[in-house]
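Please keep the structure open alongside the text.

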Amino acid sequence: MNVLLWIIAVLLGVAFVAAGVMKIVQPKEKLLATGMGWVEGFSAGNVKLIGALDALAGLGLVLPALFDIAPVLVPLAAVGVVLLMIGAVVVHGRRGETPMVVANLVLLVLAAVVAWGRFGPYAF
């Protein structure tokens with residue numbers, strides 16, 4: 001189970017760092033042009049903030065345990081991902097973007113598994 005939790009955390013970490021960096025680096029207009037219609041409802045600053053939260057959560061899922069520095073941050077980062085995904089489900093649900101809602105729910109469940117495992121029976 002420990003190996004499975006590591007695999008999930010690393011995959012989520014890579015995905016969230018990549019998504020976060022993309023939101024930070026690219027202008028809102030380019031994100032909109034690439035199919036991220038949800039950015040219409042947010043200011044450019046808010047999109048960058050969401051990107052920063054994504055990237056920090058992604059780093060928090062892996063780095064604390066990898067370097068054995070405050071590994072309790074891993075399940076806390078997983079809870080942060082759960083909260084981010086709740087927000088994403090709400091936004092995409094309001095826009096009627098069902099495939100994105102499903103994707104967000106899958107990420108939410110994976111993050112919840114990491115939080116459960118690392119807070120509970122498979123803590124570091």
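Predicted model: local features only at pLDDT ≥ 70, side-chain atom pairs only at ≥ 80, totals over all residues.

A residue is called buried when its relative accessible area is under 20%, exposed when that area is over 50%, and partly exposed in between. On that scale Ser 43, at 36% relative accessibility, counts as partly exposed, and its place is in the loop between H2 and H3.

- The buried residues in H3 are Val 47, Gly 51, Asp 54, Ala 55, Ala 57, Gly 58 and Gly 60.
- The cover over these buried residues of H3 includes helix H1 (2–25), helix H2 (28–33), helix H4 (63–66) and helix H5 (73–94).

**Helix H1**

- Helix H1 has 24 residues, and the distance from its first C-alpha to its last is 34 Å, close to the 34 Å expected at 1.5 Å a residue.
- Buried positions in H1 are Leu 5, Ile 8, Ala 9, Leu 12, Gly 13, Phe 16, Gly 20 and Lys 23.
- Packed against the buried residues of H1 are H2, H3, H5 and helix H6 (98–119).
- Val 14 also lies in helix H1, but with a relative accessible area of 56% this residue is exposed.

**Packing of H1 with H3**

- The axes of H1 and H3 are 7 Å apart, and the two helices pack at an angle of about 155°, which makes H1 roughly antiparallel to H3.
- The crossing in which H1 passes H3 is left-handed.
- Sorted by class, the residues in the contact of H1 with H3 are 10 nonpolar, four polar and three charged.
- On the H1 side, Gly 13, Phe 16, Val 17, Ala 19, Gly 20, Lys 23, Ile 24 and Val 25 take part, and they meet Val 47, Lys 48, Ile 50, Gly 51, Ala 52, Asp 54, Ala 55, Gly 58 and Leu 59 of H3.

**Packing of H3 with H5**

- H3 and H5 have axes 8 Å apart and pack at an angle of about 145°, and H3 passes H5 in a left-handed crossing.
- From H3, the residues Leu 53, Asp 54, Ala 57 and Gly 60 meet Leu 73, Val 74, Ala 77, Val 81 and Leu 84 in H5.
- By class, this contact of H3 with H5 holds seven nonpolar residues, one polar and one charged.

**Packing of H5 with H6**

- The axes of H5 and H6 cross at roughly 160° and come within 8 Å, which makes H5 roughly antiparallel to H6.
- The contact of H5 with H6 is made up of 21 nonpolar, three polar and one charged residues.
- H5 passes H6 in a crossing that is left-handed.

**Asp 54, a buried residue of H3**

- Asp 54 is found in helix H3, and its relative accessibility of 3% is the reason why it counts as buried.
- Once its neighbours within four places in sequence are left aside, Asp 54 is in contact with Phe 16, Val 17, Ala 19, Gly 20, Lys 23 and Leu 84.
- Asp 54 is listed among the residues of H3 that meet H1, and also among those that meet H5.

**Separations in sequence and in space**

- Val 14 and Val 106 stand 92 residues apart in sequence, while their C-alpha atoms are 16 Å apart in space.
- Ser 43 and Arg 95 are separated by 52 residues in sequence and by 17 Å in space, C-alpha to C-alpha.

Terms used
Residues numbered from 1 in each chain as written. Heavy atoms only, no water. Buried < 20%, exposed > 50% of the residue type's maximum accessible area, 1.4 Å probe, protein only. Helix = DSSP H or I, 4+ residues; strand = E, 2+ residues; numbered from the N terminus. Contact = heavy atoms within 4.5 Å. Axes fitted to C-alpha atoms, helices over the stretch in contact; angles between N-to-C directions. Parallel < 35°, antiparallel > 145°, perpendicular 65-115°, else oblique. Left-handed = near helix turned anticlockwise from the far one by under 90°. Nonpolar A, V, L, I, M, F, W, Y, C, P; charged D, E, K, R; others polar. Expected span 1.5 Å × (residues − 1).
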